[in-house]
Amino acid sequence: MKRHYDSEQTRKIIAEKAAQLFSQKGFAGTSISDISKESGFSKGHVYYHFENKEKLFITIAEDAMRVWGEKWNALSPNYPTATEKLYTVAIFVLDNYKTPLLKVHQELMGNPASSPETVKQLYDLVSTPMRAYEAIFQYGIESNEFVIEDVQAATFLFGNWLGALCQHIYTMDYDTLRGMFQQCVTIFLKGILK
C-alpha cells in the first residue's frame with residue numbers, strides 16, 4: 001500500500017527537522033542524509049521540496065523573519081510614541097536575534113562556496129527589520145516627534161548600527177550588550193528628536 005503524503009505537512013516537517021539539525025551541527029555538518037533520516041522522508045522527498053540544502057536554509061530563515069515581523073507588529077502598538085517604539089525595537093532585536101540559526105546564517109554568509117544567490121537572499125532578510133525601523137521613523141515624523149530629512153538613510157544607518165551590535169551577541173554578556181543597544185538609541189535620537 002502506498003503511503004499518502006500531505007505535501008505542505010511534509011515540507012513543514014522537513015524544514016523543522018532541518019532547523020534542529022542546523023542548530024545542533026551547523027550548515028556544513030548537516031547533510032541531506034541527516035535531514036532525510038531525522039524527518040523520516042527520503043532524500044528524494046527532501047530534494048522534491050527543496051532544491052538543495054542552501055534553499056532549505058533560506059526557507060527556514062525567511063520563515064523565522066516572517067515570525068519576527070509578526071511578533072514586532074503585535075508588540076509595536078503597545079508603545080504610543082516613536083521614541084518608545086525605537087527603544088523597544090532595539091531590545092526586541094537583541095532578544096529575538098540570538099537564535100541557534102544565527103550561527104548558521106553567519107556560517108553561510110562567510111563561506112566563499114555559498115552561491116551568490118544565497119548570499120543575496122540572506123542579505124535580503126534584513127528587509128523585515130528595516131521596514132519596522134522605517135515605519136517607526138515615519139510615525140515619528142507624522143506625530144511631529146522626529147525631524148528626519150532622509151528616512152531611507154536614517155533607516156539604513158540605524159539598521160546597520162543595530163546589526164553591528166548583533167555581531168557581539170555571542171561575545172558579550174547580555175546586560176552589557178543591552179546597555180549598548182539602549183545607548184545606541186539614545187545617541188541616535190539626539191540627531192532626530194524635534
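Predicted model: local features only at pLDDT ≥ 70, side-chain atom pairs only at ≥ 80, totals over all residues.
User: What makes Leu101, Leu102, Val104, His105 and Leu108 of α6 count as buried?

Analyst: The cut-off for buried is under 20% relative accessible area. Those five names in α6, which spans residues 100–110, are listed as buried, so each falls under 20%.

User: Why do the buried residues of α6 line one face of the helix?

Analyst: Look down the axis of α6: its buried residues fall within an arc of 160 degrees, so they sit along one face. As background, an α-helix has 3.6 residues a turn, so residues three or four places apart point the same way.

User: Which residues are exposed on the other side of α6?

Analyst: Pro100 and Gly110 are. Exposed means over 50% relative accessible area, so both pass that mark.

User: What do the buried residues of α6 pack against?

Analyst: Four helices: α1 (7–25), α4 (53–75), α5 (82–97) and α7 (116–124). Contact here means heavy atoms within 4.5 Å.

User: How much of the chain counts as buried?

Analyst: Of its 194 residues, 40% do. As for contacts with a separation of 6 or more, 70% come from residues 24 or more positions apart.

User: And how many charged side chains are there?

Analyst: The chain carries 20 positive and 22 negative ones, and the centres of the two sets lie 7 Å apart.

Conventions:
Residues numbered from 1 in each chain as written. Heavy atoms only, no water. Buried < 20%, exposed > 50% of the residue type's maximum accessible area, 1.4 Å probe, protein only. Helix = DSSP H or I, 4+ residues; strand = E, 2+ residues; numbered from the N terminus. Arc of directions from axis to C-beta. Lys, Arg positive; Asp, Glu negative; His and termini not counted. Charge placed at Lys NZ, Arg CZ, Asp CG, Glu CD.
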